[in-house]
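Open your viewer and keep the selection panel at hand. We will go from one stop to the next, and at each you will select something and see what is there.

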Amino acid sequence: MSKHLSKYNDVIIIGGGIIGNATAYYLAKKGLSVTVLEASKDIGIGGSSRNGGGVRQSGRDTRELPLAMWGIKNLWPGLSEELGVDVEYTQKGNLRLGKTAAHQKILQGLTDKAVSCGLDVRMINGDEIRAINPYLSDEVTCASWCPTDGHANPLTATLGYYKKARELGVRFITESPCFELRKIKGVIRQVVTPDAIYEADKVLVAAGFDSRKILATVGIDVPMMPLKMECLVTEAEPPMFLQMLGTADADFYGHQSKHGSFVFGGSSGFEHLNKDNGSPISSSIGASCTCRGIIKYFPALADAKIVRAWAGWLDDCADHVPVISPVEEVPGLYITCAFSGHGFGIAPAVGYNVAEMIADGHSTIDLSALRYDRFKPKQ
Amino acid sequence: MKSINDRSQDIGPFVSQTDDAIIICRCEEITKGEIRQAIHDGMFTVNEIRRYLRAGMGLCQGQTCGKLVKNLIARELNVIPDQLDPATSRSPMRPMEMKVLGNEEVSHV
């Protein structure tokens with residue numbers, strides 16, 4: 001098959017998920033020419049539109065917390081207006097729930113770390129929890145409470161960035177998987193797809209777990225594995241509560257959307273043993289198990305009807321924290337992947353800061369703790 | 001066959017039509033005009049329309065409007081409908097109460 005050499009761009013982004021789309025938007029705003037290559041037929045078909053919609057600071061690793069706090073302060077509140085699409089951002093707090101002494105210990109540890117980074121988060125007891133959310137069962141005895149956390153709609157946020165970037169002249173090409181990255185004279189230059197070879201000075205790999213095999217073509221590796229997780233959604237219910245919810249064991253999370261439906265994610269305990277079907281298909285046990293968990297926390301939802309269940313893959317990193325980094329070994333190459341299931345809430349901040357990194361050589365938030373070469377073997 | 005992969009291709013301007021107020025997705029009350037506008041916003045697939053507008057995300061999960069949405073996209077992009085994939089099918093087939101879906105008890109009557 002003959003491959004035509006496509007016209008030159010300042011930046012090629014591999015991956016049309018929310019990180020790729022947001023970075024493309026902020027780069028286009030700076031006046032750079034950008035092409036986004038998406039492997040599948042649909043924009044935002046991966047984790048970007050399969051997640052639970054949390055826009056959280058609490059419960060995060062301190063290496064990514066500054067990014068989360070900055071994004072919630074500076075980008076999320078004005079995002080709907082900026083993109084011209086309702087991203088349904090709701091900032092009414094996050095309750096991370098616990099039932100046992102072991103849970104209390106986990107939550108206290110996370111809270112202490114976040115407080116040391118300047119985040120307003122504190123431990124509260126069962127009565128205080130039910131004053132905030134009266135629907136929670138008596139089994140819930142402790143929680144961390146962060147009033148500035150919240151949630152948004154991953155579908156409209158991901159496609160909103162796509163729409164706005166496209167309006168600013170970003171070219172999006174679907175069904176264009178990257179087979180190979182090529183260096184010329186020691187620097188990144190070409191992205192090879194089945195139909196064309198694209199050329200640029202800078203290349204960002206933002207392809208979730210697929211980033212691993214793409215980066216391997218220039219000898220770079222990020223230690224991550226795909227991990228299948230499942231979500232479900234109910235029919236529209238009358239408004240009940242506005243907080244984002246999670247648990248100490250991170251086995252359950254969710255919120256009520258603006259539409260009225262409840263979106264919940266949960267685990268059955270078999271996620272790491274899931275059969276790899278080649279596409280993320282819901283298992284027969286996942287949704288049922290999550291329903292039992294939900295009813296224990298929210299007895300009032302026992303009669304709510306599930307209309308849809310789905311699954312998706314996390315790009316689960318060795319240390320469960322993303323890689324957001326330039327690659328000095330391959331000048332001009334940048335990586336954003338391995339978000340490990342908590343990329344959505346920080347996506348606008350990642351896009352903004354990575355656009356700065358690519359265009360200006362430095363970013364507002366120091367991202368050095370998230371470098372690609374931080375992984376060391378045990379001593 | 002014409003490709004819809006280049007999302008910057010010129011599909012012409014959005015021109016309003018007399019029946020744009022017709023409801024296509026009855027569950028979520030999404031009109032023909034809203035769907036046509038979304039296509040001009042860059043949503044070229046049934047999955048993208050569903051996620052952008054909620055058309056096909058309601059109680060019937062697009063079992064009524066799925067084909068209509070597909071035909072609207074095909075007409076707007078000037079491709080044949082068979083070229084477009086339907087939206088991804090999701091379990092359960094019918095809306096089901098959490099207490100039923102989550103029930104582990106098996107009774108042999």
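Predicted model: local features only at pLDDT ≥ 70, side-chain atom pairs only at ≥ 80, totals over all residues.

How does the radius of gyration of chain A compare with that of a compact globule? A compact globule with 379 residues would have a value near 21 Å, and chain A has 21 Å, so the two agree. Now think about contacts with a separation of 6 or more. In chain A, 74% of them are between residues 24 or more positions apart.

**Stop 1: strand β19**

Select residues 333-337 of chain A. This is strand β19, and 5 of its 5 residues are buried. Show the side chains. A:Leu333, A:Ile335 and A:Cys337 point one way. A:Tyr334 and A:Thr336 point the other way.

Select residues 323-327 of chain A for strand β18. It runs antiparallel to β19(A), joined by 5 bridges. Look for A:Ile324, which stands opposite A:Thr336.

Then select residues 196-205 of chain A, strand β12. This one pairs with β19(A) in the parallel sense, over 3 bridges. Find A:Val205, whose bridge partner is A:Ile335.

**Stop 2: A:Ile214**

A:Val205 leads on to A:Ile214, because the two are in contact. A:Ile214 is in helix α7, residues 211-216 of chain A. Is A:Ile214 buried or exposed? It is buried, because 23 other C-beta atoms lie within 10 Å, and the cut-off for buried is 20 or more. Leave aside its neighbours within four places in sequence. The contacts of A:Ile214 are then A:Ile14, A:Cys178, A:Leu181, A:Val205 and A:Ala207. Now draw a distance from A:Ile214 to A:Pro238. They are 24 residues apart in sequence and 46 Å apart in space, C-alpha to C-alpha.

**Stop 3: helix α8**

Select residues 286-297 of chain A. This is helix α8, with 12 residues. From first C-alpha to last, the helix reaches 17 Å, close to the expected 16 Å. Color its buried residues, among them A:Cys289, A:Cys291, A:Ile294 and A:Tyr297. What do the buried residues of α8(A) pack against? Their partners are β5, β13, β16 and β17 of chain A, together with α4 of chain B.

**Stop 4: where the chains meet**

Show chain B as well. Here 26 residues of chain B are in contact with 36 residues of chain A. On the chain B side, the elements that give two or more residues are α2 (46-53), β3 (96-97) and α4 (98-101). The largest share, 4 residues, comes from α2(B). By type, this side divides into 8 nonpolar, 8 polar and 10 charged residues.

Finish with β3(B) and strand β17, residues 305-317 of chain A. The two strands run antiparallel and are joined by 2 bridges. Zoom in on A:Ile306, which stands opposite B:Met96.

Technical notes: Residues numbered from 1 in each chain as written. Chains lettered and ligands numbered in written order. Buried ≥ 20, exposed ≤ 12 C-beta atoms within 10 Å, placed from the backbone. Contact = placed C-beta atoms within 7 Å. Nonpolar A, V, L, I, M, F, W, Y, C, P; charged D, E, K, R; others polar. Pairing = 2+ DSSP bridges. Expected span 1.5 Å × (residues − 1). Rg over C-alpha atoms; globule rule 2.2 N^0.38 Å.
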